[in-house]
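Subject: Structure handover and notes

Hello,

Please find the structure below.

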Amino acid sequence: MLPTDWLSPAQCFGYLAFVLGVSCFLQTDDRRFKWFMAGECLAYVVHFALLGNPTAVVSSLISMTRSLLSLRTRSPWVAVAVVAANIGFGLAIAEKPSDWLPLTASCLGTIALFTLQGVPMRLLMLCGTGLWVANNVIVGSIGGTALEIVIAAINLTTIARMLRAPG
């Protein structure tokens, strides 16, 4: 994919992921955060499928499922199963070290969504964001790269808002 193909279907789904991801990280309510994240992941599935990045597709599918599961349970066993799925799919389809970037980001997100809440959850998600930035630059994802950079800034702003909030 040439980076100059700004309006290709693949990039358009990246832009949709951008809108949903920005909306996600603006949320201070954890449930709304998780719903928007599921939507972002679905857009990412299509985006990365069109870009031909199978590990990012798998990671996004697992992340979407994880986000939806985390709305219903905080079971550590579910978290372990999701992390194991990431690792298993990675072992099956990863061909180069950079293929592990989205899979590792998904593992961090799983730990964050199932074991943490509030600011700590968002801090661990921020670590995963850094891995997604690297992945998106490598695969030529315009919307995805912009999304993750903006998400990092918005997430930091939301964390600051939460830290300043009374209570």
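Which residues does F33 touch, not counting residues up to four places away in sequence? They are C24, F25, Q27, L113, M121, R122 and M125, where contact means heavy atoms within 4.5 Å.

Some background before the rest. This is a predicted model, in which local features need pLDDT of at least 70 and side-chain atom pairs count only at pLDDT 80 or more, while totals for chains, interfaces and linings use all residues. Residues are numbered from 1 along each chain as its sequence is written, and side-chain values use heavy atoms, with hydrogens and water left out.

The core

F33 is also among the residues with the most contacts inside the largest nonpolar core, together with F25, M37, F48 and M125. That core has 29 residues. A nonpolar core here is a set of buried Ala, Val, Leu, Ile, Met, Phe, Trp, Tyr and Cys residues joined through side-chain atoms within 4.5 Å. Buried means under 20% relative accessible area, exposed over 50%, and partly exposed in between, with a 1.4 Å probe and protein chains only. Two or more core residues come from each of α1 (9-26), α2 (30-51), α3 (54-72), α5 (100-115), α6 (118-139) and α7 (142-164). α2 gives the largest share, nine residues. Helices are DSSP runs (H or I, at least four residues), numbered from the N terminus. As general background, nonpolar side chains in soluble globular proteins tend to be buried together.

Aromatic pairs

Rings of Phe, Tyr and Trp (its six-membered ring) pair if their centres lie within 6.5 Å; planes under 30 degrees apart count as stacked, over 60 as edge-to-face and the rest as tilted. By this rule there are four aromatic pairs. One of them, Y44 with F48, is tilted, at 4.8 Å centre to centre and 45 degrees between the planes. Y44 and F48 are four residues apart in helix α2, which means about one helical turn separates them. Y44 has a relative accessible area of 2% and is buried; F48 is buried as well, at 0%. The ring centres of F48 and W132 are 5.6 Å apart with planes at 25 degrees, so this pair is stacked. It links distant parts of the chain, since F48 is in helix α2 and W132 in helix α6, 84 residues apart. W132 counts as buried at 10% relative accessibility. Y44, F48 and W132 form one aromatic cluster.

Helix α4

Helix α4 covers residues 76-93; its 18 residues should span 26 Å at 1.5 Å a residue, and its end C-alpha atoms are 26 Å apart, which agrees. The expected span is 1.5 Å times one less than the number of residues. Buried in α4 are A79, V82, N86 and G90. Seen down the helix axis, the buried residues of α4 fall within an arc of 75 degrees, so they line one face; the arc is that of the directions from the axis to the C-beta atoms. The face turned away from this buried side carries the exposed residues W77, L91 and A92. α3 and α5 are among what covers the buried residues of α4.

Helix α7

The buried residues of α7 include I142, L147, I151 and N155, and their cover includes α1, α2 and α6. N155 is buried at 0% relative accessibility. Not counting residues up to four places away in sequence, N155 touches F25, R122, M125 and L126.

Regards
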